[in-house]
Amino acid sequence: MSRLHLPLNTHWEFIPEDHPEFATRQYTGPSTEVSVPHTVKEVPHHNFTEAEYSLISWYRRDLSIPEAFSGKRLILHFDGVMLAAEVFLDGVKLAEHRGGFTPFQVDLTDHVVPGKTHLLAVRVDSRERTDIPPFGNLVDYMTFGGIYREVHLKVLDPLHIENVFFKGQDVLSGLPSAEIEVTALNTGIIPEEVALTVELQDHTGQTVSVVQEVRTFEAGPSVHTLRLLDLTGIELWDIENPVLYTLKVHLGTRDRLDTRVGFRESEFRTDGFYYLNGRKVTLRGMNRHQTYPYIGAAAPERLQKKDADLIKFDLGCNMVRTSHYPQSPHFLDRCDEIGLLVFTEMQGWQHIGDQDWQDLSVDLLHDLVVRDRNHPSIVLWGARVNESPDHTDFYTRTNRLVHDLDPTRQTGGVRCFFGSELLEDVYTMNDFAATLTPYHDRAPRYLVTEYSGHMFPTKSFDQEERVVAHALKHAGILNQIGALGIAGGIAWCAFDYNTHATFGSGDRICYHGVMDIFRQPKFAAHLYASQQSPEHKKVLFAATYWTRGDVNEGLISPVWIFSNLDRVEVYVSGKLEGEAVRATDEYPHLEYPPFKMQNISGGWGENFGALELRGYLGSEVVATHHLAADGIPQKLVFEADDPVIHADGADLTRLSLRITDEYGNTLPFAWGPVLLDIDGPGVLVGEHPLVLPGGQGAVYLRSTRIPGTVTVTARAQGLPAQTVQVRTQERAAEGRKLKAEGLLSL
Ligand code: GAL
């Protein structure tokens, strides 16, 4: 039997309080059955404080160890527990881990008896402990709490693979190769001779290259390097065509570990630009927090992946920064799959703690790099706490560690002041003053890692002029980045996020996103979308509420239009007003400058009618955008993001709600409330009734462990009720197979 990774995500009992007896069967009091990812406290989307989730809680579940596991190494693996965890087996504490963003493992082998059912318990501390990064000072984001990522049990041979590190080499030379570093662990006491095989397969499962060598595995850990030579014909991983391969490492028949890999060459060069596979790419990115409404950070795979899709496909970006900590492996997997470049960084925010805090940060950075260094999408490591002061010792140490663990990638380290000590390869700068100084004269490898954000917080329900100005500010900075000739810029930020009282708009939201916290677009999102090629997506969007009096002085023009099409005609009440003009003078360095329509007829006090845009590619109308003139809600648009989800008690899909005009444009002042009814094996997560901020919002539908069909009905006053149906179904084949083998009674 090769290795098994057995999911332990269901059947947890949870109590939101500190009860040490919960680690034993003596506790027979109440508890709630939950699946993970799980948050210790569901919260409203705003207007709450960190006190809600800053608590100690307990999780526990049975852990039955089948006889078949006799002689195996049994390693319990947590993908992430916020913020600190103590792990107990049958009441005995086995391990403690500090830090909520990276995985940790507990070796259970010597503590379990095959054939017996044990009690596994985890004490979770979600308080903002100053001994654990990011805490110690103010932090502009919330961390929430719980076993908020997945858990599994690894069942391993005493001789097994600990870790694989894939390095594609000479990928542009016409004669690519790869070096594979395998770390093995022989937990026995005698050396073993075993064939080590490295096999590269393409996405069809076809073996492209294979190498096998008999190696001696001394007792303890050992590192073995193998090379795959002459990989002519290998396809590169790129933004446009992210080709992935599977690397299968076999230790005889004792173990096999599969890793997804890609071949690409990534470099920030001293000419100031970024090159992927030798081709200059202007980086256009978004910062992303892992915060979701109601569930905090406890988003399952589906939602993690959806965020990557939004950034790549809806916002047309090619990069994301996982501000300011290691994010979900699912999110990174999706970045690999869709060709979204990643700048990932160590956890923290402006503050550097004492020696113990720094030592812990270095350990956690180690875990981040080892976890993530096979992702082709990751092109830059952040080896500095975001916006912290210079600290020669600490950052010499972090940079050395990262380079030792991964000599193939460059480091950055995000600062917010010019002239800071450059210990990294790339000068990564939060240029909030939007000076966009050509500082790269002094630090030639230079990337703007934040702009906009708190300089212009904007709610999706702000007055029209502000929402438009927000989008145009982003356009202006993109234009300046284009003018300067630097590697690119990463905007602050993709999505509005929950924060502490010292930041944001008082309701515990930083309204800095180009999308709101529900992942619904603000005008700025359409501006970004319009900067991609129409081959990817044809974008035509009138950035106006098209009302007669929301804009100062009752003006209706100019109307800004975000589009990547060739020409845009503007009609009012079905009558051609003229052709909008590309604002190339104002935004000469944008690939698709916004269009501007001036002098639309009709003055203050006069009637006006529906607006219609017709967008042309060549002589053909390929897109239209209509806006009604009368502002009164016509439709409740209610949509589930997914028709089918897993019946595992943790999976979620977003149910998005918008009140719109007859053409489907969200009406920013149509605030609901919306009432929701649910029927079937599902749970609604969110506020009920939901008042839609800015005419748009969302709740989530969580599955239970019972498969079936869930029907949700939404009602808003004066509008026809709407219904969505979502099926929940058992996780496919793998689960059934393990059950049949008696291994999933775990
Ligand atoms: C930056 C910081 C971000 C966020 C942003 C708001 O200084 O790095 O985390 O707080 O400001 O604009």
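A polar contact is a pair of N or O atoms within 3.5 Å; within protein, one must be able to donate a hydrogen and the other to accept it, and residues adjacent in sequence count only if both atoms are side-chain atoms. The model is predicted, so local features need pLDDT of at least 70 and side-chain atom pairs count only at pLDDT 80 or more, whereas totals for chains, interfaces and linings use all residues. Residues are numbered from 1 along each chain as its sequence is written, and side-chain values use heavy atoms, with hydrogens and water left out.

A polar side-chain atom of E387 lies 2.6 Å from an oxygen atom of the ligand. For D140, the distance from a polar side-chain atom to a ligand oxygen is 2.4 Å, and an N or O atom in the side chain of W349 is 2.7 Å from an oxygen of the ligand. The ligand taken alone exposes 310 Å², and the protein buries 94% of that (accessible areas by the Shrake-Rupley method with a 1.4 Å probe; for residues, only the protein chains shown count as cover).

The chain is divided into domain 1 (4-156), domain 2 (159-253), domain 3 (267-529), domain 4 (540-627) and domain 5 (635-734), with bounds from an automatic or database domain assignment. The centres of domain 1 and domain 5, taken over C-alpha atoms, are 30 Å apart. Their contact (heavy atoms within 4.5 Å) takes 10 residues from domain 1 and 9 residues from domain 5.

Between them, domain 1 and domain 5 bury about 710 Å², 42% of it on carbon and sulfur atoms; buried area is the accessible area (1.4 Å probe) that two parts lose on being put together, summed over both. Across this interface there are 2 salt bridges (a side-chain nitrogen of Lys or Arg within 4 Å of a carboxyl oxygen of Asp or Glu). The side chains of R705 and E33 meet in a salt bridge, at 2.7 Å from N to O.
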